[in-house]
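Reader: I'd like a close look at one part of this model: how one of the chains is divided up, and what its pieces and its partner touch. Could you walk me through it?

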Amino acid sequence: MITQNASEMAAAVAAGEITSEALTQAHLSRIAEVDEKVHAFLHVDAEGALAQARAVDAARAKGEKLSPLAGVPLALKDVMVQKGVPTTCGSKILEGWRPPYDATVVTKLKNAGVVILGKTNMDEFAMGSSTENSAYGPTHNPWDLTRIPGGSGGGSSASLAAFEAPLAIGTDTGGSIRQPAAVTGTVGVKPTYGGVSRYGLVAFSSSLDQAGPCARTVLDAALLHEIIGGHDTYDSTSIDAPVPAVVAAAKMRNVKGMRIGVVRELGGEGYQAGVLQRFNESVEVLRGLGAEIIEVSCPHFEYALPAYYLIAPSECSSNLARFDAMRFGLRVGDDRARSAEEVMNLTREAGFGPEVKRRIILGTYALSSGYYDAYYGSAQKVRTLIINDFNAAFAQVDVLISPTSPTTAFKIGEKADDPLAMYLNDIATIPVNLAGNCAMSIPCGLAPEDGLPVGLQIIAPAMADDRLYRVGGALEAAFNEAWGGPLMNMAPSLTGGVR
Amino acid sequence: MSEAMLDYDDVIAKYEPTLGLEVHVELNTNSKMFCGCATVFGAEPNTQVCPVCLGMPGSLPFVNERAIESTILIGLALNCEIATWCRFARKNYFYPDMPKNFQISQYDEPICFNGYLDVEVETDDGMRTFRVEIERVHMEEDTGKSLHMGGATGRIHGADYSLLDYNRAGIPLVEIVTKMVPGTEKYAPLVAKAYVAELRDILRSLGVSDVKMEQGSLRCDANVSLSPRGSGVLGTRSETKNVNSLRSVERAIRSEMQRHAARLDDGLKVVQETRHFHEDSGITTSGRSKETAEDYRYFPEPDLVPIAPDPAWVEELRATLPERPSVVRARLQKEWNIADKEMASMVNAGVLAVVMETVALGADSTKARSWWVGEIARQANERGVEVIDVGVTPSDVARIVELVAMGELTDKLARQVVDGVIAGEGRPDDVVATRGLKVVSDDGALLLAIATAIASDAAAAEKVRGGNLNAAGALIGLVMKATQGQADAAKVRELLLKELGQ
Ligand SMILES: [Zn+2]
């Protein structure tokens, strides 16, 4: 039953074919069975999950109306706070911290009867593209345990690909939902900035961070999107408008007449041959489904990566200042003789990993007086140019498409000592965060050279998230028909047993 | 280690001062600037906190609309332009009492800018108006408080450990910054004081703050620099922090001018630094040097959307502005028929508002004025507190004036009532009752005391009968003594003379 889609599981719970408790227990057993190999989870809250599941079962028994995903388990990225449940953001500096409140997304999940299994591994404070930067060790890609599951949300995507959970929450600052989805053969959506509340999402880069749904199918992602989306007075930057009709769009399975733009700058040099091959085939599938394919140019995308690596570190240098040992988390060197400032320094020295320190230093430098205009100021101008590129493109087409990531999953350790090579993983995903619009990654096949999943990125204008689901849903249906079932059927079982 | 000071007259003979004033005002909103926490002063430590104002990971600020409204009102009252679009900014620095290690403030886009405030100062040539130009009025959040325990001074130096109270963290603060104020000459300390006093009156009339300097709801940083007379070269300024009374504003500026001048006379440089003012000695001492100036790495606060006050709303707010205190003063001066000097003394003593309230409660303006400027101001001065904080309210004074007018209290008894109120014995009627201060107005009791007096000093009585009214004094004294001072002397005199056929 753990291989079913979330929507099928929800239907089974609603119909009384299975209890949420049994469903949850099945996933907990699966985690117990395979997570030693995958290491998707940093914390499994078995007790809390079972209690939530029993509450859903009780509500059903009383004849209460259940929400569309009631009783279905979910894996929560460890960057999202859940009251009383350890939240580390993959960092030693938060080891042992139990948040005193729920993120808005968590509140919405709880209200919808979604069962939270636990917290998933991630690059420390969401800084990375491989989950190797977690202070608690890397997550392994279920398709090949020697490879990375993407990052920063590698734990969430790996939990889906390992059938430890049918749903997950990710967060995407430069591609942290989409790139892990691409390399694990799952679906991940970065909603429009402001489409999902950031309240309770531990900030990496406030103007770029966006929580979103992760799932194995487009429809499941849409169902989850509808639950977590919407305005929140606790997040001033959340958009005060209804959630786009993503579920209806996911069910349309029709792209006839849609104008689909292929971004010239996102492809070609630096992209793996098998990735480009699967992408080009997907373009032909869309053409075959009746979409009009138009090549568009976004000339300023080439500046997106440098701009991102000024804005994100700048904001992170400020956002991470609060980890100072005064009120929560790690405290190092408090011997009653040292000053508060000395304890702050020792704690931050011991608590942050090298990538986090690298970005704090970069950002501190970029915001310094005398450098601000040249760095942060220029980066903001690039941001405007990228928004202009998108606006020009969306004047011609309804959505844009590109490969999600230039390569398939690489080997653990392969790029660990080369930050720049690591940063290039997000070259196709970063422009969307800078502009604040929305994008989805869906699996589009296995690369012939390594047999690993390839992701296709669909990009839509702000608050047109429904278009992602319309295109994604249609493409997924076409692929499943061509492949004779979902891509996940081709994934290794991890246990050698039947799936 | 007190520094050399030049005589004030010599300072003025040689140097020209330039003032700069930064005032922080805590708004009296019910909730904090960026969360829903209460803002009650003096609550148990860390009882008015939440994930937002504690800077818990994942929490986000949301703006208190009321604070924006209050800030715009302040800007309008200070003749400022109001921004049509502005943003909050983060001011980054590490400090244990600042939960996020950045303060949400405003940087290059203040919500109000380019205003002025005219203040009146009594000069050798009568009242003179000085215009203090306002550079900006902006919003920010207050920090928490560190309590340094175990040391002798309460300062961090020498303390064993520190406790943190975050109740104040996130309380809305408005910072009002003047442009440099030249041309105040020897009146610089008075102009500084008058500015803060006028500002305080305006803020009080707007109802946006408690403006209590001793509680820190109004905090003043006073800057001053000196340039050699006629040189046109601006001197190095020092910044005296948290000067917490009107009188201290004046003293701190004067003291700094004298200290700067002494250094300059000795060929020394004035160091650009923060100074601490000491109420007891009236001098400042060096605080943090600004030589290693902090780089606050300001950038627009990405967690908050820009503020774009609707111009129509701003005009609505403008229409609600109360009468300007200077206009109120001119009107009252006419109504109460008093001279410039008397008005100035009320303003100086910071009692105008309470006098107005007392009068509004029905008291005679002359009486109300004399109580506040006289006895109550004297008592406040003795205790080193502001008049409005000495513990007497306008309704107390109005009641005391009423009791005197009704003949229930003499002036002398009334002063004892004031003492009692200040001592915390309750409201005037409580003090009258518990201290038994009622005038003996019972004719029977008085006549009995008069008869006793006549009997005990027959000679004096005879003189009065013979037309020597001066001799009545001795008899009245006896009666007052017998009634322990609680009789109305005029009434005693009247009854006595009648008794003796006069
Ligand atoms: Zn609060």
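Author: Chain B is split into domain 1 (8-296), domain 2 (323-435) and domain 3 (443-499), with bounds that come from an automatic or database domain assignment. Keep in mind that this is a predicted model, where local features need pLDDT of at least 70, side-chain atom pairs count only at pLDDT 80 or more, and totals for chains, interfaces and linings use all residues. Residues are numbered from 1 along each chain as its sequence is written, chains are lettered from A and ligands numbered from 1 in the order written, and side-chain values use heavy atoms, leaving out hydrogens and water.

Take domains 1 and 2 of chain B. Their C-alpha centres are 30 Å apart, and 16 residues of domain 1 of chain B meet 13 residues of domain 2 of chain B (contact means heavy atoms within 4.5 Å). Together they bury about 1400 Å², 44% of it on carbon and sulfur atoms; buried area is the accessible area (1.4 Å probe) that two parts lose on being put together, summed over both. The rule finds 2 salt bridges across this interface, a salt bridge being a side-chain nitrogen of Lys or Arg within 4 Å of a carboxyl oxygen of Asp or Glu. B:Glu198 and B:Arg329 form a salt bridge, with their closest N and O atoms 2.9 Å apart. On the domain 1 side, helix H2 (65-77) and helix H3 (188-206) of chain B each supply at least two residues, and H3(B) gives the most, with 7 residues. Helices here are DSSP runs of H or I, at least four residues, and strands are runs of E, at least two, numbered from the N terminus.

Now for the sheet. In chain B, 3 strands make an open antiparallel sheet in the order S4-S3-S14, with strand S4 (102-105) and strand S14 (299-300) at the edges. Two strands pair if DSSP finds at least two bridges between them, and strand S3 (residues 89-92) of chain B joins S14(B) over 2 bridges. B:Ala89 sits opposite B:Pro300 in S14(B).

Finally, the partner chain. Chain B puts 33 residues into the contact and chain A 41 residues, burying about 2900 Å² between them, 59% of it on carbon and sulfur atoms. B:Pro57, B:Leu60 and B:Arg297 supply 21% of the area chain B buries there, more than any other three residues. The rule finds 1 salt bridge between the chains: A:Arg198 with B:Asp303, closest N and O atoms 3.0 Å apart.
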